[in-house]
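This briefing goes through one structure by topic. Look at the chain and its ligands first, then read the points below.

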Amino acid sequence: MSQEPDRLFAQPLPEVPDFVFNEDVVRVFPDMIKRSVPGYPTIVENIGVLAGQFAQPHTTLYDLGASLGAVTQALRRHVRVDGCKVIAVDNSSAMVARCSEYLHAQDAMFQELLPVEVIEADILALDLQPTSLVTLNFTLQFIPPERRLELLTRIRQALLPSGALILSEKLRFEDAAEHELLTELHVAFKRANGYSELEIAQKRSAIEKVMLPDSLEQHRERLLAAGFSKVLPWFQCLNFASLVALP
Ligand SMILES: C[S@@+](CC[C@H](N)C(=O)[O-])C[C@H]1O[C@@H](n2cnc3c(N)ncnc32)[C@H](O)[C@@H]1O
Ligand SMILES: O=C(O)C(=O)C[C@]1(C(=O)O)C=C[C@@H](O)C=C1
């Protein structure tokens, strides 16, 4: 996997463009996400572990907004259920190309991995097969807010009984003081991971229009409105959380 350090925002930019998942981001993405999302390695590995409990024989598992396939790789490491296959979906062609390379490398290193298909598609336009496990690992926050309920409803309808959706997101907090404190603690996390004040500020302006986090309450209500019966937060580190939603 690429070890290139994330210096995308290290030099002053005359104008900070909106964040896009292009070739430049692909090159530094493993470093960027690990240094930006508190708990990311723990979340990814444990999605594999949790998936092992929900995956059912001869079903499809979806990794929606797969990026470089970190979650897909964890699913393939942990799920030991007969006849499952993983479908990894992303609408960034740069991500999909590199994701396929990494999964081929995983195939070359390990035997008896779950078969995987990587698809370049918009998850808002994707026909979902019946599935026992869907992951949206930091993807829903990039979907236009007015389309989020419709996407979750389609996921709910495709989920088999006893399956699950695992949803990880950056959180907003409804209480302004709480929001400010958690944001400041997240900045401290980034600083501790070697990002400068300039990098932190420029990244913030790049993502503020394209990544729109919801509160835990909004997620819970929307998941229930989409037809899920239970929402269980299983991980939170600072303002990043992961939930299991049951049909
Ligand atoms: C923060 S990244 C996800 C990280 C990844 N799941 C992981 O665990 O490493 C968000 C991804 O969602 C993808 N994405 C955003 N909107 C999408 C859409 N409508 N359809 C498919 N993929 C989308 C982006 O291209 C990006 O790769
Ligand atoms: O909040 C931030 O600054 C982030 O960088 C978060 C986040 C994410 O949650 O997906 C945003 C964009 C990058 O893909 C990596 C991490």
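This is a predicted model: local features need pLDDT of at least 70, side-chain atom pairs count only at pLDDT 80 or more; totals for chains, interfaces and linings use all residues.

Where is the place of Ser67? Ser67 sits in the loop between E1 and H3.

- Ser67 has 24 other C-beta atoms within 10 Å, and the cut-off for a buried residue is 20 or more, so Ser67 is buried.
- Leaving aside neighbours within four places in sequence, Ser67 is in contact with Phe29, Asp90, Met95 and Cys99.
- Ala66 lies in the loop between strand E1 (60–64) and H3.
- Ala66 counts as buried because it has 28 C-beta neighbours inside 10 Å.
- The contacts of Ala66, not counting residues up to four places away in sequence, are Val71, Thr72, Ala88, Val89, Asp90 and Cys99.

**What the UniProt record says**

- An unreviewed UniProt entry carries the annotation "binding site" for Tyr40, Gly65, Ala66, Ser67, Asp90, Asn91, Asp122, Ile123, Asn137 and Arg204.
- These positions span 165 residues in sequence, and their farthest two C-alpha atoms are 25.1 Å apart, so they do not all gather at one spot.
- The annotation "domain: Methyltransferase", also from an unreviewed UniProt entry, covers residues 63–163.
- Over residues 63–163 the chain is 40% helix and 25% strand.
- The end C-alpha atoms of residues 63–163 are 14 Å apart.

**Surroundings of ligand 2**

- Which residues surround ligand 2? They are Met32, Ile33, Ser36, Val37, Phe138, Lys170, Lys203, Ile207 and Met211.
- Helix H1 (23–36) and helix H7 (197–207) each give at least two residues to the shell around ligand 2.
- The largest share of that shell, three residues, comes from H1.
- By class, the shell around ligand 2 has six nonpolar, one polar and two charged residues.

**The nonpolar core**

- The largest nonpolar core has 49 residues, and those that touch the most other members are Ala51, Leu61, Ala88, Cys99, Val134 and Leu165.
- Leu165 is in contact with Val134, Ile155, Leu159 and Ala245, leaving aside its neighbours within four places in sequence.

- Leu133 is found in strand E4 (residues 131–137).
- Because Leu133 has 28 C-beta neighbours inside 10 Å, it counts as buried.
- Not counting residues up to four places away in sequence, Leu133 touches Ala51, Phe54, Ala55, Leu61, Gly163 and Ala164.
- Leu133 and Leu160 are 27 residues apart in sequence, and their C-alpha atoms are 8.4 Å apart in space.
- Ala158 is in helix H5 (residues 145–158).
- Is Ala158 buried or exposed? With 20 C-beta neighbours inside 10 Å, Ala158 counts as buried.
- Ala158 is in contact with Leu128, Gln129, Pro130 and Thr131, leaving aside its neighbours within four places in sequence.
- Ala158 and Pro247 are 89 residues apart along the chain, and their C-alpha atoms are separated by 9.8 Å.

- Helix H4 (residues 93–109) has 17 residues and reaches 25 Å from its first C-alpha to its last, close to the 24 Å expected at 1.5 Å a residue.
- The buried residues of H4 are Met95, Val96, Arg98, Cys99 and Leu103.
- An α-helix has 3.6 residues a turn, so residues three or four places apart point the same way.
- The cover over the buried residues of H4 includes H1, H3, E2 and strand E3 (116–120).
- Helix H6 (residues 176–192) has 17 residues and reaches 24 Å from its first C-alpha to its last, close to the expected 24 Å.
- Just after H6, Gly194 takes a positive phi of about 95°.

How values were computed:
Residues are numbered from 1 along each chain as its sequence is written. Chains are lettered from A and ligands numbered from 1 in the order in which they are written. A nonpolar core is a set of buried Ala, Val, Leu, Ile, Met, Phe, Trp, Tyr and Cys residues joined through C-beta atoms within 7 Å. A residue is buried if 20 or more other C-beta atoms lie within 10 Å of its own, exposed if 12 or fewer, and partly exposed in between; C-beta atoms are placed from the backbone. Two residues are in contact if their C-beta atoms, placed from the backbone, lie within 7 Å. UniProt positions are given in the numbering used here, feature names are shortened, and annotations may be inferred rather than shown by experiment. Helices (H or I, at least four residues) and strands (E, at least two) are DSSP runs, numbered from the N terminus. The expected span of a helix is 1.5 Å times one less than its number of residues. A residue is near a molecule or strand if its C-beta atom, placed from the backbone, lies within 6 Å of it. Ala, Val, Leu, Ile, Met, Phe, Trp, Tyr, Cys and Pro count as nonpolar, Asp, Glu, Lys and Arg as charged, and the others, Gly among them, as polar.
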